[in-house]
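Reader: I'm new to this one. Could you take me through the spot where the ligand sits?

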Amino acid sequence: MTSPQALLELAVAVAAEAGRMLVDERPAGLEVETKSSPTDVVTQMDKAAERLIVERIRAERPGDAFLGEEGGEQGGEGAGVRWVIDPIDGTVNYLYDLPDWAVSVAAEVDGTAVAGAVVLPRRGETFTAVEGGGALLHTASGVRELRVNTGVPLDRALVATGFGYGADRRAHQAAVLTGVLPNIRDIRRGGSACVDLCALAAGRVDAYFERGVQAWDVAAGALIVAEAGGRTGGLHGAPVSPEFAIAAAPDLFGALHDLLAPLDPAHD
Ligand code: IPD
């Protein structure tokens, strides 16, 4: 195993290279294929970016394992490090040329993220964290430490969320929102779970919740939130999972959880 800092440096390097490629080589006509539903899309650029990231990491660390949004689980039986990759989180934003999409790369050791990088090429922002080392935002004008907002009561909280791609899931999520909206400041739906988590870490929103996110959507972002002083978890003490994800300052987490739990009982 290498130090978390060294894993972070590799994560940043490969995410930044993939991000540049996604901007510089974005074709006028993207080839769009659908996945779980007609609105769940993947482009040739998602696949190319994930291939590039895996190739670069493999060249440096041949024994490591991978979990990628497009390539699934790859290699590394008994590997010390698993890389969790979303080559474009916010694919629909990328498709429409909206700026809020990101390359998300996390390094996990024994199932725990120890380093994470989220690169937003169109915003010129890179969010990073190593376990126990804090969370940082790097831009052309410098580097700053990230802290979640604290002391925000639920009825003043600006809350980010996202929606799944299936029609039934969305109908359920819309019903949950009718119970959430009257109790908070407002909702933001930015279109990328990892960007939402980085926004929370940077104090641009106060909380985030979503049903249905996958490990690649949140592995790096959840570490960045935790290292910025936030709390992440699922419902009723569960960890973050595709079942449910909540993230907020520790003093807001409980109130948001208690609002959501009765509104969103187990649902596919
Ligand atoms: C999606 C985005 C979106 C969230 C969805 C994710 P993708 O990831 O993060 O914000 O609401 O749940 O699937 O498909 O753009 O990688």
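Author: Here is a walk around the ligand and the residues beside it. This is a predicted model, so to speak of local features a pLDDT of at least 70 is needed, side-chain atom pairs count only at pLDDT 80 or more, and totals for chains, interfaces and linings use all residues. Residues are numbered from 1 along each chain as its sequence is written, and side-chain values use heavy atoms, with hydrogens and water left out.

Okay, who's around the ligand? The shell has 15 residues, each with a heavy atom within 4 Å of the ligand, and the closest are D89, G90, Y165, A193 and E210. Strand β5 (residues 81-89) gives the largest share, 3 residues; a strand here is a DSSP run of E, at least two residues long, numbered from the N terminus.

Now for the polar contacts, meaning pairs of N or O atoms within 3.5 Å. Oxygen atoms of the ligand lie 2.7 Å from a backbone N or O atom of G90, 2.8 Å from one of T91, and 2.9 Å from a polar side-chain atom of R189.

Definitions and conventions:
A polar contact is a pair of N or O atoms within 3.5 Å; within protein, one must be able to donate a hydrogen and the other to accept it, and residues adjacent in sequence count only if both atoms are side-chain atoms. Helices (H or I, at least four residues) and strands (E, at least two) are DSSP runs, numbered from the N terminus.
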